[in-house]
Amino acid sequence: MQSEHPFTMPADTPTADVGDDAERLSATAEFVREQDTSVLLSRVLPGLDGPELRALTDRCRFAHAAVLVFPPDEQALRADLAACGLSADAGAQPSVVVRERLASRHRRDPVDLDVRILRPVVRGPAEEHRAVEVFALTVPPGSGLAGIAAEERRLDHEAHLAFDVERPDPLVLRGLLASFARHGAVADGGGYNPHEDGTVFYFTAPADTKTAYRRVELYASGDHRDVLTEHLGRPLASAGEARQTGEPQPAETLLWLLTGAWTTQALAACARLRLPEVMNRHTGADSAELARAVGADPQSLATLLRYLAMLGVVSEGHDGFRLTAVGALLDSEAPGSMRALALMYGGPFYQSFAHLTHAVRTGQPGFEHLYGENHFDHFARDPELATLFDQSMVSSAAMFDALPSHPVLAAAATAGRPRTVVDIAGGTGELLGRILTAHPGLRGILLERPQVIAAARTYLDSTGVGERCGYRAGDFADVPPGGDVYILSRVLHDWDDDRCRSILRHCADAMPRQADLLVVERLLPADAAPSLATAWDLHMMCNTGGRERTADHYARLFEDQGLELVGHTPLALGAHALHARRP
């Protein structure tokens, strides 16, 4: 007899114990082996019986139950599968839908989340073909993803039952979706997976469902995005219907896209006027009061404030305008301030983007076309602009939060002798300061341009690690030898492949045989998923002549210089730490 509750749901106490994954895999596999489609449908949708149950059973078959696990690497996952009697040879594919759901729930860039689907086969009571759908989010040690794993294990958002639709067509799909809704199931997302050419329709199970699973999936082979839009509550509309229902027309969508430049300049104007510095997050102020504080025309400032309110930078209430958490990042004194970045993107980089067409046609950066020199040389001749650029680089320092706990740095910190971290082109020392603060046993060397060294020395002294840091003025040809860990953070994306090979050659020549190299960059996704790296790829092309790259592309660059990509770990803001060393 089938149990009423197929397995015990995760305890309320978060845990990062990988052993839980093996237990959950085993329980899920046993459940899949036992179920009869007709009985399971009647338990999922209480009240479903008679002719309607027979009709659904004729069109659906129980296919799998899903579980999300969090292995540190592929080897650990395969060991857990084998321990549960599941094939470890099942091919893995990227999971677009689950990756997007996790990214949305945890406010992460999807490129940070390496989610794969495996479907090891099991047999049902009548030897029918079924599967355990295993979603695997890789959580390497020190990746900063352990909190996501703990919460997802506790709440089990992605655990669900799935039924495959036999001979799907739009009419059949609409009938099945209507039956589920009639019996209390509520639409809960879905998506089209181009890797498999299949469409999934998710439901929240009815409140009185008789299984422990709270989510149900209908899977239809093929592209059924027209039916999916109806399932998601966004019906497709003709142009006339769109005007009546509020569905955006293509022209309206394009108009919004064309105003992107206005948004950039509105944010830059907010920063230049120092509006955040005179605003409060808890008490409102009217536009006239704010205009007096920043020296602006009241009516014009009111127009800007309304636009910023539409962007979520400020909010408008009965007592006037208040600063939001987003707007607070434009305050020069705020922790993690991004004011300098707004001024760079609304200043020299904004002007150079007017020459994007030239960059696409010729392959020459728009910045060089506008200013007659590359951006490094241009900034070097303008100390004020160079300082602003260095400050803008610090604006993205949140991507470094998890890096000091990277296994390479943790191992160096616990070695028997003092180890040295060499930060190549490390700017004013933000990253090196974090590493040395986290690991008092490490020493550091900062290689930078002569004009940056003084600012870096001041910063590192202020953090209390200056005594453990040495400085080398120079360029990439001056990489100091004898270090234990070498770091290239946001450097290689500034350059084309030939220049990257040259930089990596200097690193490889300086590195002792047992040394490690950590490269921090955004990675282009292997598929067409939205990513910050895709936006920055365009930015690098137009402004530096560089590019963002995939992990495989970096692996080839490393290999050209006798280095091997060991692996890569996601960081914040779409960045990754790539680990390379000699084979």
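**A walk through the salt bridges, cavities and surface**

Let's start with one contact. D484 and R419 form a salt bridge, with their closest N and O atoms 3.9 Å apart. A salt bridge here means a side-chain nitrogen of Lys or Arg within 4 Å of a carboxyl oxygen of Asp or Glu. This pair links distant parts of the chain, 65 residues apart. D484 sits in the loop between β14 (469-473) and β15 (485-489). R419 sits in the loop between α22 (407-413) and β12 (420-424). Helices (H or I, at least four residues) and strands (E, at least two) are DSSP runs, numbered from the N terminus.

A word on the source. This is a predicted model, where local features need pLDDT of at least 70 and side-chain atom pairs count only at pLDDT 80 or more, while totals for chains, interfaces and linings use all residues. Residues are numbered from 1 along each chain as its sequence is written, and side-chain values use heavy atoms, with hydrogens and water left out.

Back to the pair. Is D484 buried or exposed? D484 is buried, because its relative accessible area is 11%. R419 has 24%, so R419 counts as partly exposed. The cut-offs are these: buried is under 20% relative accessible area, exposed is over 50%, and partly exposed is in between, with a 1.4 Å probe and protein chains only.

How many salt bridges does a search of the whole structure find? The search gives 32. Let me show you two others.

R434 and E430 meet through their side chains, at 3.0 Å from N to O. They are four residues apart in helix α23 (residues 430-438), so about one helical turn separates them. E430 is buried, at 14% relative accessible area. R434 is partly exposed, at 26%.

Next, R501 and D560. Their closest N and O atoms are 2.9 Å apart in a salt bridge. Again the pair links distant parts of the chain, 59 residues apart. R501 belongs to helix α25 (residues 497-510), and D560 to helix α27 (residues 551-560). Both ends are partly exposed: R501 at 26% relative accessible area, D560 at 43%.

Salt bridges can also share partners. R101, R105, E152, E158, D188 and R215 are joined that way into one network.

Stay with α23 for a moment. L432 lies in that helix. L432 counts as buried, because its relative accessibility is 0%. L432 and G444 are 12 residues apart in sequence, and 7.1 Å apart in space, C-alpha to C-alpha.

Now the empty space inside. Rolling a probe the size of a water molecule over the atoms shows where empty space is left. On a 1 Å grid over the protein atoms alone, a cavity is a set of points where a 1.4 Å probe fits but cannot get out, and lining residues have an atom within 4 Å of a point. Grid points are joined across faces, edges and corners, and a volume is the space filled by probe spheres set on the points.

By this rule there are two cavities of 30 Å³ or more. Ala, Val, Leu, Ile, Met, Phe, Trp, Tyr, Cys and Pro count as nonpolar, Asp, Glu, Lys and Arg as charged, and the others, Gly among them, as polar.

The second largest cavity has a volume of about 110 Å³. It is lined by 16 residues, with V97, I117, R119, N193 and V200 nearest its centre. Elements that each supply at least two lining residues include α5 (96-106) and β5 (129-137). The lining divides into eight nonpolar, four polar and four charged residues.

Last stop, backbone angles. Most residues other than glycine have a negative phi. R107 has a positive phi, near 55°. R107 is in the loop between α5 and β3 (115-118), and is exposed at 79% relative accessible area. R167 also has a positive phi, about 50°. R167 sits in the loop between β6 (160-165) and α7 (170-182). At 52% relative accessibility, R167 counts as exposed.

Methods. On a 1 Å grid over the protein atoms alone, a cavity is a set of points where a 1.4 Å probe fits but cannot get out, and a pocket is an open set with protein on both sides within 12 Å along at least five of seven lines; lining residues have an atom within 4 Å of a point.
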